[in-house]
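Subject: Structure handover

Hi,

Here is the structure for you to look over. My notes follow below it.

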Amino acid sequence: MAADDKSSVIDEFLATARIDGAAVLVEGEAGLGKTTLIQSAVGRARDLGFRVLSAQPNIAEFDYAYSALVDLVRPIDSAIWDELPGLQRRAVDRMLLRENSGDSDVPADERAVAAGCLGAIQRSADEKPVLLAIDDMHWLDPSSVRVVSYVARRLAGRVGVLGATRSRGTEFFSWLQRADRPAQRISLRPMSIGALHAVLSEHLRRTFPRPVLVRIHEVSGGNPFYAIELGRALPDGAPGGVPLTSTLTELVDARISSLPTAVQTTLLAAACAAAPTVESVARSVGSDVTEVVALLEEAERESIVELDGRYVRFTHPLLARGVYDRALPADRRRTHRRLAGVVDNPESRARHLALGSVTGSPETLAALDDAAVLARKRGAPAAAAELVDYAIGLGGDTPQRQLRSARHHLDAGDITRAGRLLDDAITGLPTGPFRAQALALRATVAVLSQGYLEAKLLLEQALVHSDQEPALRAQALLILASTLLSLGDLDGATDRIQQAVATAESVQSGPVLSQALGIRALVTLVRGDGLDEASLRRGVDLEGDAPMAIALRPTLQYPLLIACAGDLDRARDRMTPARQQCIDRGDENEIIFALFYGALIDIWSGDYTRAARADEEGLQRAAQLGGDTSLFVGLTIRAMVAAYGGRVEDARRDAADALDAGRRSGSASLLPWTIATLGFLELSVGNHRAAVDTLEPLLTVAAMSPRSSEILTAPFLPDAAEALIHLGRLEEAESIVRRLEANGARLDRPWMLATGARCRAMLAAARGDLPGAAAAADAAIDFHARLPMPFELARTRLLRGQLHRRARQKDRAKTVLQEALSSFEALATPLWADRVNAELARISNGRNGDTILTASEQRVADLAASGMTNKDIAATLFISPKTVEVNLTRIYRKLGLRNKAELARRLAKSRT
């Protein structure tokens with residue numbers, strides 16, 4: 001790309017970013033001018049009034065926790081940080097090593113650090129446009145990578161992101177994609193001879209004969225940095241045929257070796273340090289600042305470094321790397337040891353001690369262990385893992401360190417490496433608590449990989465080794481109970497969770513007890529023993545800020561479980577702050593599942609518009625982040641909303657796509673919701689055989705837990721019973737109805753009682769017992785008074801109206817059916833409104849219902865008779881052409897017709 005083209009792209013990028021955000025990634029090999037382009041863009045952004053947040057990571061800082069992130073966010077005003085939610089503010093304070101970060105042993109949550117940085121940048125953009133500029137992204141330290149990638153994918157509004165990396169920056173480019181605006185790439189290519197001539201003239205203040213220029217271009221491959229070094233190495237007046245050094249490494253080495261030894265020693269100290277200053281370099285070489293400044297100025301005259309106030313910066317990363325690589329290993333180790341005595345930061349000291357050692361002394365190993373603890377407290381598990389791994393590599397390879405390293409790698413998301421380390425540690429650990437810890441942690445790895453059976457075996461072994469450590473035993477029991485619940489072993493889960501609660505109580509372990517109480521309430525409900533709200537309330541009170549998995553978080557369990565008891569209004573009120581807590585923590589999985597749980601409560605409450613907002617958010621997150629879990633949740637909610645809204649083809653398509661995404665994501669526990677949605681959809685369109693076939697796998701699983709029929713675990717039971725009754729499979733339906741009735745009475749659960757009574761009325765009617773059916777339907781309506789689920793009440797009223805009609809009570813039938821119709825229309829559930837209209841038409845016309853068109857069929861028939869094509873009818877009614885075809889087929893069958901011409905004549909005749 002030519003210079004003018006690059007300049008215009010940057011100008012366009014900044015102009016767009018000022019209004020609504022934009023992103024550009026600059027790619028190219030070392031020396032092609034990425035840094036120059038970034039610096040130019042930064043200068044232009046400042047002139048345009050941007051707040052610039054920039055970082056230029058380097059190889060010396062590659063392993064340091066948050067080294068690049070700290071540089072990036074340091075200019076943000078303290079007032080903006082103070083506006084963050086408390087959890088995020090405390091995590092950011094830890095990350096920035098602020099004095100007010102507190103002394104709590106609970107480590108900062110890396111996700112909260114990321115969410116806090118995102119919030120601060122977005123707040124900054126409210127005041128003025130923001131430019132995030134990151135040069136040499138390939139040298140971002142792992143902790144910064146995780147936060148920067150989180151932030152970049154979620155930015156909105158007036159924020160521009162400009163990054164530079166070496167070629168093939170596909171991973172970085174994926175961070176910058178926004179759902180509403182794609183990122184751009186600038187790929188830097190080698191310069192032409194003419195462009196290279198201009199660069200050489202500007203930097204070296206000399207010109208070269210054409211043959212020499214051609215040779216420089218040939219050897220450098222058009223790389224400007226390489227060409228400058230080649231030109232610098234050529235003496236003035238050199239003939240055109242003079243040979244040129246063939247590699248950039250040789251050139252850099254030759255350039256550095258020409259400097260005095262004292263200058264090289266000083267430069268090595270600067271190259272070894274993460275953020276060198278003239279004071280730290282002076283102390284590490286044992287000289288005073290004045291002497292070191294003089295030596296550095298000599299290197300500055302050679303364009304190797306530049307002095308920026310008290311900071312020392314290499315003019316190009318290749319020069320810093322060249323200084324470091326050409327030094328003898330012994331000189332590098334000696335310099336690192338000297339720097340270890342100079343730096344104040346414990347992590348820097350530990351890393352310099354490690355790099356200055358061949359084998360680890362007790363002092364070095366202890367420093368690495370302490371630095372790992374600090375890094376983890378700052379919310380940087382990846383850095384903590386690397387520090388422990390340093391200690392292991394220096395001869396401190398103990399099972400205990402392998403265990404700590406595995407825990408840090410697991411927290412950092414590297415499940416595979418954590419599993420390998422734990423397998424090695426378990427082999428070398430003796431019987432006792434360390435072995436129990438390793439086994440429990442290995443079980444967590446198995447759970448994350450959906451290996452529940454493997455996790456169960458590991459946890460049972462962990463319990464054998466944890467007799468003397470009750471806190472550890474409580475944790476193992478908790479995870480085992482959750483695992484057994486996932487495996488469907490309710491008796492085992494009940495036994496283990498009771499032990500977990502008792503053990504956690506005995507050692508006053510707040511976070512573990514909080515999770516155990518929540519799981520106990522969940523297990524109690526799932527096995528059909530009712531709602532243990534007292535445990536839930538206490539679990540919420542004890543939860544605190546400790547990181548924990550969503551499946552173990554009482555704050556999110558509480559609203560879902562009280563919704564099962566019919567307390568939907570209170571459930572919705574509690575779900576709002578629970579979801580906000582997930583946002584504050586920055587945990588994507590928690591946010592996604594909070595969206596799902598909240599959408600369920602909204603759908604049960606009949607608020608499909610609010611549920612639709614959840615599916616939009618889930619799908620937006622899927623578009624931003626990728627990943628099948630977000631996609632699965634968003635599509636499942638959208639399929640539910642479409643099914644209630646009567647958009648049959650949309651619901652089928654979304655459900656099918658959701659099932660595919662769910663299977664890929666491993667979210668097997670949520671797949672029944674998608675299947676239940678498909679079963680409900682088939683029931684809604686009157687396809688009872690398909691409904692039963694769809695729900696059959698869920699019925700088979702449900703049959704193994706006859707005491708459990710909560711809406712959370714078996715929402716499909718009433719739909720399955722209704723479909724079975726329509727198919728004449730009354731005995732199968734009878735077992736479902738008895739289950740709903742018995743469990744509803746035992747638990748006083750209004751949803752079970754109301755739907756059970758409705759299905760009982762259907763059964764009685766199918767058996768010819770109309771008085772019994774009427775009594776059951778009336779009882780169902782009474783139960784609905786305790787259940788704020790308007791759609792379910794309307795279904796029961798529809799049935800009651802049908803029973804009145806069959807009893808020839810036309811006026812009563814009309815009254816009840818009109819109430820049902822009003823509800824279905826207010827809820828915008830047209831398939832069910834059509835059912836009511838069909839019933840009303842039967843009453844009004846006194847004819848066989850099979851010859852009466854529903855309201856939706858009548859609309860299709862009128863448009864078809866007018867001469868419209870199926871495509872035009874679909875566009876007019878906002879349905880698919882396939883739905884038009886299905887309706888026409890049904891219309892022809894009902895009216896005994898064969899085509900649109902006959903339909904037009906029939907309708908014309910009926911209106912004369």
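How near do the axes of helix α23 and α25 come, and at what angle do they cross? They come within 10 Å and cross at roughly 25°. Before the rest, the ground rules. This is a predicted model, numbered from 1 along each chain as its sequence is written, with local features needing pLDDT of at least 70, and side-chain atom pairs counting only at pLDDT 80 or more, while totals for chains, interfaces and linings use all residues. Side-chain values use heavy atoms, with hydrogens and water left out.

**α23 and α25**

Helix α23 covers residues 433–448. Helices here are DSSP runs (H or I, at least four residues), numbered from the N terminus. Axes are lines fitted to C-alpha atoms, for helices over the stretch in contact, and angles run from 0 to 180 degrees between N-to-C directions. α23 and α25 are therefore roughly parallel to each other (angles under 35 degrees). Their crossing is left-handed (the near helix is turned anticlockwise from the far one by less than a right angle). Pro-433, Ala-436, Gln-437, Thr-444 and Val-447 in α23 meet Leu-472, Ile-479 and Thr-483 in α25. Contact means heavy atoms within 4.5 Å.

**Leu-477**

Leu-477 also sits in α25 (residues 470–486). Leu-477 is buried, at a relative accessible area of 0% (buried is under 20%, with a 1.4 Å probe and protein chains only). Setting aside neighbours within four places in sequence, Leu-477 contacts Leu-463, Arg-496, Gln-499, Ala-500 and Thr-503.

**α33 and α35**

Helix α33 (residues 628–644) packs with helix α35 (residues 671–684) at about 20°, axes 10 Å apart. The two are therefore roughly parallel to each other. This crossing is left-handed. On the α33 side, the contact includes Phe-632, Met-640 and Tyr-644; on the α35 side, it includes Trp-673, Phe-680 and Leu-681.

**α9**

Helix α9 (residues 193–204) has 12 residues. From first C-alpha to last it reaches 16 Å, close to the 16 Å expected at 1.5 Å a residue (1.5 Å times one less than the number of residues). Leu-196, Val-199, Leu-200 and Leu-204 of α9 are buried. They cover an arc of only 100° around the axis, so they lie on the same side of α9. The arc is that of the directions from the helix axis to the C-beta atoms. Just after α9, Arg-205 takes a positive phi of about 55°.

**Asn-887**

Asn-887 lies in helix α46 (residues 881–895). Asn-887 counts as buried, at 7% relative accessibility.

Best wishes

How values were computed: Buried means under 20% relative accessible area, exposed over 50%, partly exposed in between (1.4 Å probe, protein chains only). Angles under 35 degrees count as roughly parallel, over 145 as roughly antiparallel, 65 to 115 as roughly perpendicular and the rest as oblique.
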